Amino acid sequence: MPPVKPMLAKSVKDVPPGMQYEAKWDGFRAIVFRDGDEVELGSRTGKPLTRYFPELVAAVRERLPERCVVDGEIVIAREGRLDFDALSERIHPADSRVRTLAERTPSSLVVFDLLALDDESLLDVPLSGRRALLVRALAGVTAPVHLAPATRDVAVARRWFEQYEGAGLDGVVAKPPELPYRQDQRAMFKVKHERTADVVVAGYRPHKSGPVVGSLLLGLHDDRGVLQHVGVSAAFTMKRRAELVAELEPLRMDDAREHPWAAWGEEAAHASARLPGAPSRWSGGKDLSWVPLRPERVAEVAYDHMENGARFRHTARFRRWRPDRTPESCTYAQLEEPVRYDLGKILGGP
């Protein structure tokens, strides 16, 4: 019975040998429960996602076993590539909007684990046994439900790691074959892409605990020379957060009217530019105000990949200051673009 917390993975630098390997999907993790006509899509936090994906509820009723619990990822694909922006749009309070998007950009469910079947819990069954049961249970399954590809060949996994990024995937997950399902434990391994970029630090958000830096606001210049907000860097010790306030104080702007992101408070301005502090369905009323800085300092950050070529998909990791770089030289042109790969080749169909 829900809720069930998903098993998690810890980051490693290279693909480890002797494992079962799967692609790391870039979507919403979901534990899916079906009991006859009853269907629930549970999120990683345990909150239901069911109302946001009505087309998947119907597909689960048609394509999954009568009584089961599966672990998977909800994704949306457009033009042969995963589209996280389109997925995020589904988290909307209006049911009419959700149903319109369900028709316009339908979602898919990629299933990679089986936690219960009929009356039997499979949590203590080794992964190798759960995988065999899953393959049997989903034999002949059709879109929009997919069986996630898996391999025991480390060379194939390393090839997937290189190729699948071009379809918008995150990397590779490695799972010990003898592993029981361990809720909320980092018992698996994930290998993600990491690249670096030189970015302009153009502001910061204060930390919730006091007057120290919570996150640095990062920018890149587009081909028109406009500084676009591309993400944040936030993983600092409390000591380092206080040091950053002192380091950045000379750049602090008392009057933000001359700042490239001066229009961030105007909702209409977000339609034509990427600005910090945009209204968000995810903010939950969180204070998104920020401290503007003269955009004169350059930092090197590490990132996993770009979302739709426009911003960092995840929080970037601060590496070092780059006093040898000018802000004007920090452009999108420096970013490495992965070779495109058709998602249909991974899932074996549309």
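This is a predicted model: local features need pLDDT of at least 70, side-chain atom pairs count only at pLDDT 80 or more; totals for chains, interfaces and linings use all residues.
1. Lining of the largest cavity. Two strands each supply at least two lining residues: strand S7 (81–82) and strand S18 (306–307).

2. Helix H4. This helix spans residues 127–137. Leu 127, Arg 130, Arg 131 and Leu 134 are buried there. They lie on the same side of H4, because they cover an arc of only 100° around the axis. Note that two of the names are arginines, Arg 130 and Arg 131.

3. What H4 packs against. The buried residues of H4 meet strand S2 (20–24), strand S8 (108–117) and strand S12 (171–175). Strand S10 (145–147) and strand S11 (150–151) are also packing partners of these residues.

4. An open sheet. 5 strands make it up, in the order S16-S15-S14-S17-S20. The pairing is antiparallel. Strand S16 (227–233) and strand S20 (317–321) are the edges, and each pairs on one side only. Neighbouring strands of this sheet are turned by 50° against each other on average, direction ignored.

5. Inside the sheet. Strand S14 (residues 195–207) is joined to strand S15 (residues 210–221) by 7 bridges. Gly 203 stands opposite Leu 217 in S15.

6. Helix on the sheet. Helix H6 (residues 238–248) packs on the sheet. H6 touches S14, S15, strand S17 (291–303) and S20. The direction of H6 makes about 65° with that of S15.

Methods:
Residues are numbered from 1 along each chain as its sequence is written. Side-chain values use heavy atoms; hydrogens and water are left out. Two strands pair if DSSP finds at least two bridges between them. Helices (H or I, at least four residues) and strands (E, at least two) are DSSP runs, numbered from the N terminus. Axes are lines fitted to C-alpha atoms, for helices over the stretch in contact, and angles run from 0 to 180 degrees between N-to-C directions. Contact means heavy atoms within 4.5 Å. Buried means under 20% relative accessible area, exposed over 50%, partly exposed in between (1.4 Å probe, protein chains only). The arc is that of the directions from the helix axis to the C-beta atoms.
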